[in-house]
Amino acid sequence: MSLLDLLTSLLFDHTIRTVALGTATLGIVSGVLGSFAVLRKQSLLGDALSHAALPGVAIAYMLTGSKSPAVLMLGAGAAGVLAILLLINITRQTRLKEDSVLGIVLSVFFGFGLLLLTFLQRNPDARQAGLNTFLFGQAATLLTRDVITMAIFGGLALLFVVVFWKEFKLLSFDREFGASLGLPMPRIDMLLTTLLVVAVVIGLQAVGVVLMSAMLVAPGAAARQWTNHLGRMTLLSALFGALAGVAGALLSSLGTGLSTGPVIVLCISVIVLFSLVMAPNRGLLWNYLRQWRNRRRLRTEAVLENIYLMSSQHDDPSHPHAITALEAVSGAGNVRRSLEELQRRGLAVPYDGNKWALTAEGVRAAQTRLQPAQKDEK
Amino acid sequence: MDETKLAVQVADLTVAYQEKPVLWDVDLDVPQGVLMAIVGPNGAGKTTMLKAILGLLTPAAGHVSIFGKPYQQQRSLVGYVPQRGSVDWDFPTSVLDVVMMGNYGKLGWVRRPGAADRRAAQSALEKVGMADYADRQISQLSGGQQQRTFLARALMQDAQVYFMDEPFQGVDATTERAIVDLLKELRAQGKTVLAVHHDLQTVPEYFDWVMLLNVRRIASGPVKEVFTDENLRAAYGGRVGFLNKRQDP
């Protein structure tokens, strides 16, 4: 299938369009809320909340016998909120550190959820319930009404982010200062965390509890690389999330039998990897280039100084010297390349291939570089 | 001493971390218009006292009033400069944006800072010598510039009483001068400042009142009266090398 075919199916194939719309919605919502989680260094929180949703899904099914996504999402949401309350209270009442509490809540809820799933599967009646899909997600099962439900909840969550924008920004940057202003920071925190649960719930059907945390952390982490502005970072994060969602939906619709959830997560991982390496200023590649340029500049300047010092032992300041002599003084490093760089700048000229001397301008450049140092020595 | 109003009144303030008292039965009266240094050895509870006064942690006991009324009713009169190490300076935001946070309490819900807030933030930055840095990403600031950004944010609060946690900690000479000038200007406007301070040498130069703290209040009052060898020894134990060098007036 060519790219054009893929795009055509995105526009005209009802099933693929529905799935792509659903995964794009989930990408946008988790991208926006995940940005805050990344900035607050709460990556593990999303992980805990998504794993905590599993028993909620199972219990909602056991209570109602319905596997309608709305009912199951409600169960997942309730379990998420319960997990938050437990997190807050255990952290407050005990001396355990927050990350330990997160780990405990995550594993207890997830373990309990798995137990319930195995129990339900023994029951032949419920075998078709398909609750297993909540582990790794199954975007192909998304129906139009599911996508509408996702869009409504997601839209509401985004509306809250817009309305409480400055409060969320303050919470993420300097919570104590916010408290000193008299703002109810614990309640603002609770609200933001609840919205994170909404994002998790929206993603459960398509991506599943295990991989959902990637959708919360990855778009924000990638977006942070490209901008130093919170608003732009959040928008970019939403864009990355949506992009990964749509790309994942399309790739898994190719008939390869690949689950949508993992493919979406792989797509966002590619975006993260690209951003980590390529982003200007913060990217690894640019860091490396900067370091390399600095090192070359320092090396070139050292060679310039060395030629000058060597030739100042002669009467003629532009007395040529062999490269081998310069290498002995300048130590390791590519002396020839430094000399060629100096030649480009008009500071040095070669004589008979292997000897080099400074031009008049090169002598001046070396003198101005060495002057303060020589003054200090006196 | 004249009959000035009390800007800050702290009574019986006690804070305990897991049953261990870090601040014990502290009383403190601060008249309006003074610059007060809060000094004491490490672990004396200086930052804890500031946070307890500001309601950032719950004291085991105690009462705080600002200009005669309970602190909770007077929050809008109080400005706060936290330790600059308390936040992540890699946060994606600009200097001007951080300064405008000083006004978030007064803006109320939903409303966004507007052009007037922007102008106020710009003039607060001018007062700390940071006018040219408004659009700078905060991760590019030096330690001293970070400190001045926090001070500008507190100025934005337009408060009557300022609480500052180690404003002079690890700053460059330019910043130190800027802070000293700012403190004098605040005093000239009748504002009150309480600042946690580490450098005993500069206490008489920068401040006119001082509180010596070591879990309990050792002494508080005008620098000339209470900044004595005896009180310093009581606060620091025998560990003040500075005392031996100091010339008694």
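## A parallel strand pair in chain B

Strands β6 and β7 (residues 161–165) of chain B pair in the parallel sense, over 4 bridges. Strands pair here if DSSP finds at least two bridges between them. B:Gly79 stands opposite B:Tyr162 in β7(B). Helices (H or I, at least four residues) and strands (E, at least two) are DSSP runs, numbered from the N terminus.

This is a predicted model, where local features need pLDDT of at least 70, side-chain atom pairs count only at pLDDT 80 or more, and totals for chains, interfaces and linings use all residues. Residues are numbered from 1 along each chain as its sequence is written, chains are lettered from A and ligands numbered from 1 in the order in which they are written, and side-chain values use heavy atoms, with hydrogens and water left out.

## The whole sheet

The pair belongs to an open sheet of 6 strands in chain B, in the order β6-β7-β8-β3-β9-β10. The pairing in this sheet is mixed. Its edge strands are β6 (78–81) and β10 (216–222) of chain B, and each pairs on one side only. From one strand to the next, the twist averages 15°.

Helix α5 (residues 143–156) of chain B lies across β6 and β7 of chain B. It runs at about 170° to β6(B). Such angles run from 0 to 180 degrees between N-to-C directions, and the axes are lines fitted to C-alpha atoms, for helices over the stretch in contact. Contact means heavy atoms within 4.5 Å.

## Buried places in chain B

Which residues of helix α1 of chain B are buried? They are B:Lys46, B:Thr48, B:Met49, B:Leu50, B:Ala52 and B:Ile53. Helix α1 (residues 46–53) has 6 of its 8 residues buried, so it is largely enclosed by the rest of the structure. Buried means under 20% relative accessible area, exposed means over 50%, and partly exposed lies in between (1.4 Å probe, protein chains only). Just after α1(B), B:Gly55 takes a positive phi of about 75°.

B:Thr175 sits in helix α6 (residues 173–188) of chain B. B:Thr175 counts as buried because its relative accessibility is 0%. Its contacts, leaving aside neighbours within four places in sequence, are B:Gly144, B:Gln145, B:Gln147 and B:Arg148.

## A loop residue

B:Ser94 is in the loop between β6 and α2 (95–100) of chain B. Not counting residues up to four places away in sequence, B:Ser94 touches B:Ala134, B:Asp135, B:Arg136, B:Gln137 and B:Ile138. B:Gln32 is 62 residues from B:Ser94 in sequence. In space, the two are 34 Å apart, C-alpha to C-alpha.

## Salt bridges between the chains

A salt bridge is a side-chain nitrogen of Lys or Arg within 4 Å of a carboxyl oxygen of Asp or Glu.

B:Asp90 forms a salt bridge with A:Arg224, with the closest N and O atoms 3.4 Å apart. This pair also crosses between chains, from the loop between β6 and α2 of chain B to helix α10 (residues 212–224) of chain A. B:Asp90 is partly exposed, with a relative accessible area of 29%. A:Arg224 is buried, at 6%.

## A network within chain A

A:Arg345 and A:Glu341 form a salt bridge, the closest N and O atoms being 3.6 Å apart. A:Arg345 counts as partly exposed because its relative accessibility is 40%. A:Glu341 has 15%, so it counts as buried. Salt bridges that share partners join A:Arg296, A:Glu341, A:Arg344 and A:Arg345 into one network.

## A nonpolar patch on chain A

A nonpolar surface patch of about 690 Å² is made by A:Trp226, A:Phe274, A:Leu276, A:Val277, A:Met278, A:Leu284, A:Leu285 and A:Trp286. Patches are made of residues with over 30% relative accessible area and no salt bridge; like charges are joined within 9 Å, and nonpolar side chains (Val, Leu, Ile, Met, Phe, Trp, Tyr) within 5 Å. Accessible areas come from the Shrake-Rupley method with a 1.4 Å probe, and for residues only the protein chains shown count as cover.

Helices α12 (260–278) and α13 (284–311) of chain A each supply at least two residues of the patch. α12(A) gives the most, with 4 residues. A:Leu276 lies in helix α12 of chain A. A:Leu276 counts as partly exposed because its relative accessibility is 36%.
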